[in-house]
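Open the structure in your viewer and keep the sequence panel beside it. The tour goes stop by stop, saying what to select and what is there.

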Amino acid sequence: MSTNKTNKLSWAILLGGFAFLYLPIFILIVYSFNESRLVTVWAGFSTKWYGELFEDEQMMSAVWMSLKIAFLSASAAVALGTLAAIALVRSGAFKGKTLFTGMITAPLVMPEVITGLSLLLLFVTMSQVLGWPEGRGSLTIWIAHTTFNMAYVAVVVSARLRELDRRLEEAAMDLGANKFQVFIYITLPIVAPALLAGWLLAFTLSLDDLVIASFVSGPGSTTLPMVVFSSVRLGVSPKINALATLLVLAVAMAAFIAWWFMRRNELQRQKEIRSAFSQ
Amino acid sequence: MASSFADDKKNVHLSISQVVKDFDGFKAVNDVSLDIYQGEIFALLGASGCGKSTLLRMLAGFEKPTSGDIILDGQSMLDVPPYERPVNMMFQSYALFPHMTVEQNIAFGLKHDNLSRPAIANKVEEVLNLVRMTEYAKRKPHQLSGGQQQRVALARSLAKEPKLLLLDEPMGALDKKLRTQMQLEIVDILEAVEVTCVMVTHDQEEAMTMASRVGIMDQGVIRQVGEPVDVYEHPNSRMTAEFIGSVNIFEGTLSKDESDHAELICDDLTVAIHASHGVVGSLGMPMAYAVRPEKIQIKRRAPDQPCNWAKGTIKDIAYLGSHSIYHVELANEKIVLVSMANSDRWSEVDDGPRLSWEDEVYVYWADDSGVMLNS
Ligand SMILES: Nc1ncnc2c1ncn2[C@@H]1O[C@H](COP(=O)(O)OP(=O)(O)O)[C@@H](O)[C@H]1O
Ligand SMILES: [Mg+2]
């Protein structure tokens, strides 16, 4: 049967695709439990690399630094990106609006090398002319990450703002809320899911960034991707495998929790709608 | 509900005076002046795009008039922002806050009035009772049906006891059957709380059912204002005659113009049209005569009157339950619509069997059945 054949073929392609995606990660996880110091030689099961990982102060301080920068830059990007989105969506028609809207998305497609280099030049010039920021370190990484994260947040939030029914805000104003109260009680709660999505996106992007951070970091401010990358160049340590395994686990758990919450909300909502109409 | 207003109750509550709204050279509202009386339900009726919503939004404060003034209860509203106006609006498709329960939606406006907690709770309870939605207080808007959402929206806009209530296409989001029911229900509620109300609709039936007076709007201008019966029976222009209900229009030239009657020579008819009212115009000027389908009679034999009749053939009969519409084609292919109640036993109306397609008939009407229109 030809349908049977194509069925088998498409299964094979699907399996191949998934293997291509997940086999490397699987191998990485397996080797994190390898006894041997040589990454490519299996010498029995052990969890000793996890122990060594937690004792490696340089590694742990890089993890801490990355988390701190990711948290702060995601938060700053949500604040600034939301303001940018409001300005773009709500400012009405003005000359060059399309240009500005396009320009805010430019950092999304700009090669990271260029973003990193230009920010480095900016920081150097600023510290020469203004005396601030003094040298480079976690502050400059934070500013750099906020810059490109802000663009992502602005895009996510402005999509949601455009969908928001203006009549809701007018209704609130009609009922006695001034512009500020309308924003706090109506606009913000309704776009909150987009703010959360933007924050999570910014957080992972910041955690992930190697190129830009390498440009604008200074001595004593190495982020996790920088540590991983430089230590791999000196030869892969199984500690990196252990770290990567933990990261994969954390990401998978975060994704699962997000999915579970969304599914629960959706089920709840459907149940409520059904009960409303069954009366 | 076209309750007529006794003269002594007519004190002007809202005065719209020479209001213009110009959108980049396009006059969406063009020199509108209107007086709305205390406690009445006034309907602005007009086709989509005629400027009704723009006028309503100026009353709510969302748009600023380019010129003119809006005076509510003796006070100019021009410099009062929407959140300080004693005006509340029920929005098209309701604009209920999706993240708040029914209760919270209604309490939202009250919280901005600096009322105490118990006072707010009492008021919420009271208006929920008024719209019979008490048992749904804890629900979110998406858990309500269309009619229930509308009642919550009405409750929310009544909770602050506004001096003026605005309704924008109140039935726009409901299906036909629910519409008729809600129209009457809303009117009952509005009359119970005695609020002055301006509503906007493109549905003439809705305006006729709900409003004590209607204003016919067209291209930013109010063409006619009056009680629904007046506007229907005595339209002042072809535009209003054609907009409200269906109408037969005969065009011709004025041939007789006395104080108590007028005559029209019409190309479509072999006899003159005689109207029992005078007109403003001069002999020989073009004029139109409008007569409603239900004011026209139909029979097989020629009527014994010198004017106001025509001979034709039945081309179509639309059966509408209580009545039927006959499409009668005259010699020059003009179609005249005649509406007749189906309860009239045919033998009493005319001789012979029931009328059917291709029958030769005469249509005729009385002197006072229609109106002469010079615009
Ligand atoms: N903010 C605006 N800017 C420009 N034109 C507008 C604006 N609002 C309404 N208009 C125009 O004014 C006219 C009347 O609109 P509207 O009052 O909404 O009509 P209606 O409610 O009778 O359908 C329309 O032609 C519309 O395009
Ligand atoms: Mg409208």
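Which residue takes a positive phi just after α3(A)? Select A:Gly92: its phi is about 70°. Keep in mind throughout that this is a predicted model.

**Stop 1: a helix in chain A**

Select residues 57-90 of chain A, which form helix α3. This helix has 34 residues, and from its first C-alpha to its last it reaches 48 Å. That is close to the 50 Å expected at 1.5 Å a residue. Now go to the start of α3(A) and show the side chain of A:Asp56. One of its side-chain oxygens comes to within 3.1 Å of the backbone nitrogen of A:Gln58.

**Stop 2: a cis peptide bond**

Stay in chain A and select A:Trp132 and A:Pro133. The peptide bond that joins them is cis, with omega at about 0°. Most peptide bonds are trans. To place the spot, colour α5 (112-129) and α6 (138-163) of chain A: A:Pro133 is in the loop between them.

**Stop 3: where chain A meets chain B**

Show both chains and select the residues in contact. There are 22 in chain A and 28 in chain B. The two chains bury about 2,300 Å² between them, and 63% of this is on carbon and sulfur atoms.

Then look for charged partners. How many salt bridges does the rule find across the interface of chain A and chain B? It finds one. Select A:Glu170 and B:Arg57, whose side chains meet in a salt bridge at 2.8 Å, N to O.

The largest share, seven residues, comes from α7(A). By class, the side of chain A that touches chain B has 13 nonpolar, four polar and five charged residues.

**Stop 4: two domains in chain B**

The domain assignment gives domain 1 as 3-239 and domain 2 as 247-373. Taken over C-alpha atoms, the centres of these domains are 39 Å apart. Eight residues of domain 1 are in contact with eight residues of domain 2, and the two domains bury about 670 Å² between them, 50% of it on carbon and sulfur atoms.

Which three residues supply 76% of the area that domain 1 of chain B buries against domain 2 of chain B? Select B:Tyr232, B:Pro235 and B:Arg238. Two salt bridges are counted between these domains. For one of them, show the side chains of B:Arg238 and B:Glu251, which meet at 2.4 Å, N to O. Now select helix α7 (residues 228-233) of chain B, which gives the most to the domain 1 side of this contact, with three residues.

**Stop 5: a residue with positive phi**

Finish at B:Asp31, in strand β2 (residues 26-37) of chain B. The phi of B:Asp31 is near 55°, a positive value in a residue other than glycine. Most residues other than glycine have a negative phi.

Technical notes
Residues numbered from 1 in each chain as written. Chains lettered and ligands numbered in written order. Predicted model: local features only at pLDDT ≥ 70, side-chain atom pairs only at ≥ 80, totals over all residues. Heavy atoms only, no water. Contact = heavy atoms within 4.5 Å. Buried area = accessible area lost by both parts, 1.4 Å probe. Salt bridge = Lys/Arg side-chain N within 4 Å of Asp/Glu carboxyl O. Helix = DSSP H or I, 4+ residues; strand = E, 2+ residues; numbered from the N terminus. Nonpolar A, V, L, I, M, F, W, Y, C, P; charged D, E, K, R; others polar. Expected span 1.5 Å × (residues − 1). Polar contact = N/O pair within 3.5 Å; in protein donor to acceptor, adjacent residues only side chain to side chain. Domains from an automatic or database assignment.
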